[in-house]
Amino acid sequence: MVLALVTACGTAPVGDGGGEGGTKDRAAGERWQPKPGTDWQWQLTGRLDRTVDAPVYDIEGFDHTKATVAGLHRDGRKVICYLSVGAWEDWRPDAEDFPKSVIGRSNGWEGERWLDIRRTDVLEPLLAKRFDMCRDKGFDAIEPDNVDGYRNRSGFPLTAADQLEFNRMVARLAHERGMAVGLKNDLDQIPQLVKDFDFAVNEQCAQYGECDRLTPFIRADKAVFHVEYELSPDRFCATSEKLKLSSLEKKMDLTAWRRTC
């Protein structure tokens, strides 16, 4: 499932684009590495609620400032930068930088279209600028969305090999900037990609009976940040606790509301 619900009219303040130097790149051993069972909060829309008692916040990268990230750090939080990397969004400030030749079919969400991930020559420098923005705002990690276009009607003849190459490029761009990076959904490629990513983000594995497929991350001592939209906690928490998933129930608009196990 692809989920990208952020709109240009969100109430969170629009952030700066970076360019202030940022943090120095960190060696792999110095990157943040969230452990299985780490609690988290995922909020992509609405005014950011900083009172949620969770050590990890996953928030929109474009819509929040360096000051907001610094404030979360002062509160003792680690902060993940949400970005769409495999789909074009028509409201982003850099939308016109993407040539029409790499923009494909709709991914089902208004204003969004799949990207031709084979064109790394075009996409890598554009994504590098976005990752620079996250680094310069002080984020600890990246949540790159829409990294399973090869399994969707993208408008391009994408293969599993194309997706692996693209996803590894995404992981490399984050690591080069000293940030951790999560694999979003893309369950089929977990065995090949678990070594490249520092954690996983999953939607609805309990609803579809797929949570066991995330265990390679847990065995590697890497967190799996998991959300369900249509199941209440009493229907997934037993499985989550057994597998050591970091599970939430959220509304699909991804405001601050949440229920935990």
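**Briefing: fold, cores and selected residues**

Of the 261 residues in the protein chain, 58% count as buried. The model is a predicted one. Six helices and twelve strands make up the secondary structure listed for the chain. Its accessible surface comes to about 11100 Å², and carbon and sulfur atoms account for 48% of that area. Among contacts with a separation of 6 or more, 65% are between residues 24 or more positions apart.

**Nonpolar cores**

- The largest nonpolar core has 57 residues, and Leu83, Phe131 and Ile142 have the most contacts inside it.
- Elements that give two or more residues to this core are the strands β2 (56-60), β3 (78-84) and β8, together with the helices α1 (66-74), α2 (120-136), α3 (160-176), α4 and α5.
- The most is given by α2, with eight residues.
- A second, separate core has 17 residues, including Trp32, Ala141, Ala180 and Tyr229.
- Isoleucine 142, one of the residues with the most contacts inside the largest core, touches Ile80, Cys81, Leu83, Phe131, Cys134, Ala174, Met179, Ala180, Val181, Gly182 and Phe199 when residues up to four places away in sequence are not counted.

**Three-stranded sheet**

- Three strands form an open sheet in the order β4-β6-β5, with antiparallel pairing.
- Its edge strands are β4 (87-89) and β5 (103-106), each of which pairs on one side only.
- From one strand to the next, the twist averages 45°.
- Strands of a sheet pair through backbone hydrogen bonds, in either a parallel or an antiparallel sense.
- Here, β5 and β6 (residues 112-115) pair in the antiparallel sense over two bridges.
- Isoleucine 103 has leucine 115 in β6 as its bridge partner.

**Serine 247**

- Serine 247 lies in strand β11, which covers residues 246-249.
- Its relative accessibility is 7%, which is under 20%, so serine 247 counts as buried.
- The side chain of serine 247 makes a polar contact of 2.6 Å with the side chain of histidine 226.
- A polar contact also joins the side chains of serine 247 and serine 240, at 2.6 Å.
- Beyond neighbours within four places in sequence, serine 247 is in contact with His226, Phe236, Ser240, Thr260 and Cys261.

**Positive phi at residues other than glycine**

- Most residues other than glycine have a negative phi.
- Aspartate 186 has a positive phi, near 45°.
- Aspartate 186 sits in the loop between β8 (180-184) and α4 (190-193).
- With a relative accessible area of 4%, aspartate 186 is buried.
- Glutamine 204 also has a positive phi, of about 70°, and is not a glycine.
- The loop that holds glutamine 204 runs between β9 (199-203) and α5 (215-219).
- Glutamine 204 counts as buried because its relative accessibility is 1%, under the 20% cut-off.

Note on methods
Residues are numbered from 1 along each chain as its sequence is written. This is a predicted model: local features need pLDDT of at least 70, side-chain atom pairs count only at pLDDT 80 or more; totals for chains, interfaces and linings use all residues. Side-chain values use heavy atoms; hydrogens and water are left out. Helices (H or I, at least four residues) and strands (E, at least two) are DSSP runs, numbered from the N terminus. Buried means under 20% relative accessible area, exposed over 50%, partly exposed in between (1.4 Å probe, protein chains only). A polar contact is a pair of N or O atoms within 3.5 Å; within protein, one must be able to donate a hydrogen and the other to accept it, and residues adjacent in sequence count only if both atoms are side-chain atoms. Contact means heavy atoms within 4.5 Å. Two strands pair if DSSP finds at least two bridges between them. Axes are lines fitted to C-alpha atoms, for helices over the stretch in contact, and angles run from 0 to 180 degrees between N-to-C directions. Accessible areas come from the Shrake-Rupley method with a 1.4 Å probe; for residues, only the protein chains shown count as cover. A nonpolar core is a set of buried Ala, Val, Leu, Ile, Met, Phe, Trp, Tyr and Cys residues joined through side-chain atoms within 4.5 Å.
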